[in-house]
Amino acid sequence: MKQTLRIAVWHNLSSGGAKRVLHDQVRGLAASGHHVEAWCPSTADQSFLPLSSLINEHVVPLRQSGHASERLTLHELAGDRRDDIAAMDEHCRCCGAQMDGQGFDVLLVHSCRYFRTTAIGRLTRLPSILVAEPYRPLYEASPVNVWAAPRRRRHWWVPSRGLLTAATNALRLQSQRIQVREEIANAQGFDRLLSYSSYTRESIRRSYGLEATVCYPGIDTDAFSMLGYEREPFVISVGAVCPDKNLEFVVEALARLPEPRPPLVWVGDQVEEDYLRRVSGLARVRGVGLEVRRLVSDAKLVDLLNRATLMVYAPRLEPLGLAPLEAAACGLPVVAVAEAGVRETVVHGSTGILAPATVDAFAKAIGDLFGKPAQATAMGLAARDHVVERWSMTSASARLEAHLTEVFESVRNARGSDFPAH
């Protein structure tokens with residue numbers, strides 16, 4: 001007989017793919033008979049796919065750092081985050097105490113939008129699982145390598161300005177080192193680390209020196225489905241409008257295609273306005289039709305995925321990327337860059353095309369598939385079959401459920417009589 005668990009969940013997620021995965025996980029665990037409750041700070045996005053529509057979600061205050069005056073201190077100029085870390089620790093200690101006092105069996109933790117990894121695994125007695133993803137700006141040149149020494153300014157010899165710059169840089173470096181230290185220590189506080197892709201598992205090893213287990217998420221193939229529409233001559237991409245999602249690259253690639261070239265519809269939940277203005281100007285200069293749709297409903301997204309001819313997807317070092325899987329579930333083939341987690345979601349030559357991450361190669365892949373509607377249709381059908389077979393919600397829920405049960409039982413057996421009872 002299957003064991004049912006009392007599962008506590010913690011997150012501090014913004015809108016986007018990670019929140020969609022968590023929403024689907026909670027729905028699947030609850031449907032399997034487990035009791036699930038969630039905790040989050042007020043900084044978590046509670047409007048996008050709210051967990052409160054499925055379960056009881058506790059919103060626990062998070063003290064926000066603020067400036068007592070208009071004059072910034074050196075620590076604030078340097079981006080010192082020690083006060084923010086202490087505030088998050090205080091929030092997690094409060095959440096952990098509530099969980100410990102309500103007879104939960106196991107804790108499932110998702111990322112923090114600010115720190116990725118928090119101390120809650122160390123601040124509760126519950127067996128715990130972290131869905132881990134390192135804070136990329138600290139471990140990658142994204143957008144720059146934060147560990148590179150600053151170049152000496154021409155005015156270095158001016159005592160007051162030179163000393164201020166040196167002090168600010170020293171504090172910034174120390175703040176970053178503290179954040180790395182705390183992130184690693186927090187990750188060590190969990191009984192098991194999970195990752196959504198092999199690429200992320202390797203990133204965890206490089207960043208934390210810790211082992212993680214791949215636990216692929218799933219796609220709701222009932223919500224994301226084929227509607228039988230006739231395909232229209234445009235391409236689509238999904239993701240935040242920001243440099244990491246590489247919108248400029250896609251525009252440049254489309255500009256390489258002969259006219260009449262397909263317009264691009266970009267669906268985004270978050271938009272960096274300065275970046276959008278720059279890319280919109282580039283699209284006008286290059287003669288590429290660009291339409292940005294913000295915060296569209298799931299129904300409208302599915303509608304667009306059923307009308308487009310191709311998805312084009314070129315984020316930089318995307319840990320996994322749900323968008324190609326959602327497109328595949330709608331029978332839409334994907335042309336994607338062959339890097340990071342996308343290599344695990346797009347099957348080259350079957351569900352889409354994995355192209356080298358150069359503008360010319362990406363443009364050629366788009367042009368080749370866009371000009372062959374029969375091949376694109378066949379790939380779309382194969383993509384739908386692939387998602388149903390390998391990426392279903394049923395199989396994803398079973399994978400996660402197995403990890404939760406294993407961690408609960410292994411910790412209970414290891415602690416013996418010290419293990420908290422209901």
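Contact, in this talk, means heavy atoms within 4.5 Å. By that criterion Thr200 touches Ala132, Glu133, Ser195 and Pro319, not counting residues up to four places away in sequence.

Before going on, the conditions. This is a predicted model, so local features need pLDDT of at least 70 and side-chain atom pairs count only at pLDDT 80 or more, while totals for chains, interfaces and linings use all residues. Residues are numbered from 1 along each chain as its sequence is written, and side-chain values use heavy atoms, with hydrogens and water left out.

Back to Thr200. The residue is found in helix H6, residues 198–208. Helices (H or I, at least four residues) and strands (E, at least two) are DSSP runs, numbered from the N terminus. Is Thr200 buried or exposed? Thr200 counts as buried, because its relative accessibility is 5%; the cut-offs are under 20% relative accessible area for buried, over 50% for exposed, and partly exposed in between, with a 1.4 Å probe and protein chains only. The Thr200 side chain also makes a polar contact with the side chain of Ser197, at 3.0 Å. A polar contact is a pair of N or O atoms within 3.5 Å; within protein, one must be able to donate a hydrogen and the other to accept it, and residues adjacent in sequence count only if both atoms are side-chain atoms.

Next, the sheet. Strands of a sheet pair through backbone hydrogen bonds, either parallel or antiparallel. Here two strands count as paired if DSSP finds at least two bridges between them. What is the strand order? Seven strands form an open sheet in the order S3-S2-S1-S4-S5-S6-S7, with parallel pairing. S3 and S7 stand at the edges with a single partner strand each, so one side of each has no neighbour in the sheet.

Some of the pairings in detail. Strand S1, residues 6–12, is joined to S2 by five bridges, and the two run parallel; Ile7 stands opposite Val36 in S2. On this sheet packs helix H3, residues 82–100, which touches S1, S2, S3 and S4. The direction of H3 makes about 165° with that of S1. Axes here are lines fitted to C-alpha atoms, for helices over the stretch in contact, and angles run from 0 to 180 degrees between N-to-C directions. Helix H13, residues 393–415, packs on the sheet too, touching S1, S4, S5, S6 and S7, and its direction makes about 170° with that of S6.

Further along the sheet, three bridges join S5 to strand S6, residues 192–195, in parallel. Ile129 has Arg192 in S6 as its bridge partner. S6 and S7 are also parallel, over two bridges, and Leu194 is partnered with Thr213 in S7.

Now a helix pair. How do H7 and H11 cross? The axes of H7 (residues 247–255) and H11 (residues 359–370) come within 8 Å and cross at roughly 65°. The contact brings Phe249, Val250, Glu252, Ala253 and Leu254 in H7 against Val359, Phe362, Ala363 and Ile366 in H11. Those residues divide into eight nonpolar, no polar and one charged.

In helix H9, residues 298–307, the buried residues are Leu301, Val302, Asp303, Leu304, Leu305 and Asn306. They pack against several elements, including strand S9 (264–268), strand S10 (290–294) and helix H10 (323–329). Ala283 is found in helix H8, residues 273–286, and is buried at 3% relative accessible area. Ala283 touches Val251, Val288 and Leu290, not counting residues up to four places away in sequence.

Last, backbone geometry and loops. Most residues other than glycine have a negative phi, and most peptide bonds are trans. Which residues does the cis peptide bond join? Glu259 and Pro260 are joined by a cis peptide bond, with omega about 0°, and Pro260 lies in the loop between H7 and S9. Leu49 has a positive phi, near 45°; it sits in the loop between strand S2 (35–41) and strand S3 (56–60) and is buried, at 19% relative accessible area. Arg116 has a positive phi near 65°, in the loop between strand S4 (106–112) and strand S5 (128–131). Gly228, in the loop between strand S7 (213–214) and S8, is exposed at 70%.

Methods: Ala, Val, Leu, Ile, Met, Phe, Trp, Tyr, Cys and Pro count as nonpolar, Asp, Glu, Lys and Arg as charged, and the others, Gly among them, as polar.
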